[in-house]
Amino acid sequence: HFDTYSEALEAARKVDEMSTIMDHHANMKFNHACVHGVDLELEFFTWEASRLTEKDYDATMAVDMLLAADQIQMKNYTYDLKEDIIAKHPASPRGSSKVLHVDGSGKVTYHNNFSDIFASLIEGSHLVFNDSKVLDARLFVSGNGLEKTELMILDLGNVDVDAKCSETRLRAMIRTDAAKAGQTFTELGDNQQVVIDEVIGEWLEDEKSDGNGLECWVRIQSDASIEDFLKSAGSVPIPPYLHRAAEDSDKEAYNNLYAVEAGSVAAPTAGLHFTKPVLDEIGSDNCSYLSLHVGAGTFKPVLVEDARDHEMHAEVFSVSVREIRNIIGALEAGKSLTVVGTTSTRTLESLFWCGVKRIRGLEAVGSDGGIDANHRLEVGQMEWIPLLVGEGRTISRVTALKALIEGRDDAEVLSGKTSLMIFPPMYDFQVVDNLVTNFHAPDSTLMLLVSGFLKDSKGNKIRQIYEDAQENGYRFLSYGDVCLFSKPESK
């Protein structure tokens, strides 16, 4: 039942997209009772068998998961973040941050120094890192009645950073509500002109940032490559909630030691704790690398009543067949998988679902149900739901990853994009055994992800963990201390 016809139509659209992925469509009927709302009736029936089959029960289960009446309210997955707990600068020296460990039984232990303890905590594990490199994506402009005003490049994942600036449209946020299409601003680093091609709409950030702005398409009038221009004119895009200008030290501090693939505008911060001695202690044979280019959408809060209605930002990822083969080898050798950061986690979980799609003959089906002739990897926000039911329930992580690389050479690089949304209580992690991650901002999708990993269906567990950590002097957010979460043991 829905209050309005528009809500019923939106639900029908979601069911249709899901049904296309499952290749099993529902008969739909709308009953409009004027002021009493709208009923949407769904019927699944396997006509070629002239009876109800397992496909019908699987489809019904998927609809129940997709349209579950219980809302996922962010107030259940948030906490009171004290201002003085936010780390304005990283731990010095690198690797001296504190560690909060939650083991598989739920026991919480506190450790004073990451470098001293981490390798022993993950002994017998294979680690996966995100090697994306942060570019200096924050610019400042003036003109059209504005003095020094922030212009932040929002996403470089789909951009060739070696291309000329003047030949590339960039998605950006200008921190004003007064910009208009066609206006030209002067960039204050190299004095280049920046043209607003198109205003997309309002850009909203959380209350601890520097305010909202406008999301735009812009073009920088420079013949330099994007990477070279940002290196010359930009500043390190440290998070807005730090309320300070970037410093010279941030150039090194806000990138991981192993970062090589340029394309992020925010750091995969769980990796900031790793030093060369720690990596040496773990051993290169126990490490794999992938790339997911982080966009500024990572700072966008969940503002809708039901978190499932929050639009996830799509992010671009890539990983070599050789690295996936190494991960498979580690799993077959009985090693657990420790994943460094939520970006690496979303990528690995997305790769699993891409493998499931390949097994089920859906490799060329995009997240919108359309056919992707280029066979690019893609996972939509809720696409895991129709992929989970039926055969998807029995496919192991090794089977899915093997299917993904079958017939492909080690040197081949798989690339794609993911909007995967992970939330409790329904999402069951398919690949990750241990998660290394910082303390996240309230009202963020990352709070949902870690709650889902801890099987925290009501948010009580993560709130208690975070509140106790604050009481124990842990520092939060991008430059803060770190958590090591182990997947809860089956009861």
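This is a predicted model: local features need pLDDT of at least 70, side-chain atom pairs count only at pLDDT 80 or more; totals for chains, interfaces and linings use all residues.
P425 is found in the loop between β18 (413–418) and β19 (434–438), and the peptide bond that joins P424 to P425 is cis, with omega at about 0 degrees.

**Backbone features in loops**

- A cis peptide bond also joins S92 and P93, again with omega at about 0 degrees, and P93 has its place in the loop between α2 and β3.
- N144, in the loop between β7 (138–143) and β8 (146–155), has a phi near 55 degrees, which is a positive value in a residue other than glycine.
- With a relative accessibility of 45%, N144 counts as partly exposed, because that value falls between the 20% limit for buried residues and the 50% limit for exposed ones.
- L477 lies in the loop between α12 and β20, and its phi is near 75 degrees, also a positive value in a residue other than glycine.
- The relative accessibility of L477 is 4%, so this residue counts as buried.

**Aromatic pairs and a charge over a ring**

- The count of aromatic pairs in the model comes to 23.
- One of these pairs is formed by Y79 and F476, whose rings are 5.9 Å apart centre to centre with 55 degrees between the planes, an arrangement classed as tilted.
- Y79 lies in the loop between α2 (54–66) and β3 (99–102), and F476 in the loop between α12 (460–471) and β20 (482–486), so the pair ties together parts that are 397 residues apart in sequence.
- Both partners are shielded by the criterion used here, since buried means under 20% relative accessible area: Y79 is buried at 8%, and F476 counts as buried at 0%.
- One aromatic cluster is made up of F352, W353, W384, F423, Y427, F429 and F453.
- At F140, the feature to inspect is a charged side chain, for K148 lies over the face of the F140 ring at 4.9 Å from the ring centre.

**Nonpolar cores**

- The largest nonpolar core holds 96 residues, and of these W353, F476 and F485 touch the most other members.
- Helix α8 (residues 342–359) contributes the largest share of this core, with 6 residues.
- Another core, of 32 residues, lies apart from the largest one and has M152, L156, L214 and I220 among its members.
- When neighbours within four places in sequence are left aside, F485 is in contact with L100, V102, D433, N434, L435, T437, V450, F453, L454 and I462.

**Helix α8 and its surroundings**

- The axes of α8 and helix α10 (residues 397–405) come within 7 Å of each other and cross at roughly 70 degrees, which makes α8 roughly perpendicular to α10.
- On the α8 side this contact is made by L351, F352, C354, G355, V356, R358 and I359, and on the α10 side by R397, T399, A400, L401, A403, L404 and I405.
- R346 also has its place in helix α8, and at 5% relative accessibility this arginine counts as buried.
- Leaving aside neighbours within four places in sequence, R346 is in contact with M312, H313, E315, T418, S419, L420, I422 and L449.

Conventions
Residues are numbered from 1 along each chain as its sequence is written. Side-chain values use heavy atoms; hydrogens and water are left out. Rings of Phe, Tyr and Trp (its six-membered ring) pair if their centres lie within 6.5 Å; planes under 30 degrees apart count as stacked, over 60 as edge-to-face and the rest as tilted. Helices (H or I, at least four residues) and strands (E, at least two) are DSSP runs, numbered from the N terminus. Buried means under 20% relative accessible area, exposed over 50%, partly exposed in between (1.4 Å probe, protein chains only). A charge sits over a ring if NZ of Lys or CZ of Arg is within 6 Å of the ring centre and within 35 degrees of the ring normal. A nonpolar core is a set of buried Ala, Val, Leu, Ile, Met, Phe, Trp, Tyr and Cys residues joined through side-chain atoms within 4.5 Å. Contact means heavy atoms within 4.5 Å. Axes are lines fitted to C-alpha atoms, for helices over the stretch in contact, and angles run from 0 to 180 degrees between N-to-C directions. Angles under 35 degrees count as roughly parallel, over 145 as roughly antiparallel, 65 to 115 as roughly perpendicular and the rest as oblique.
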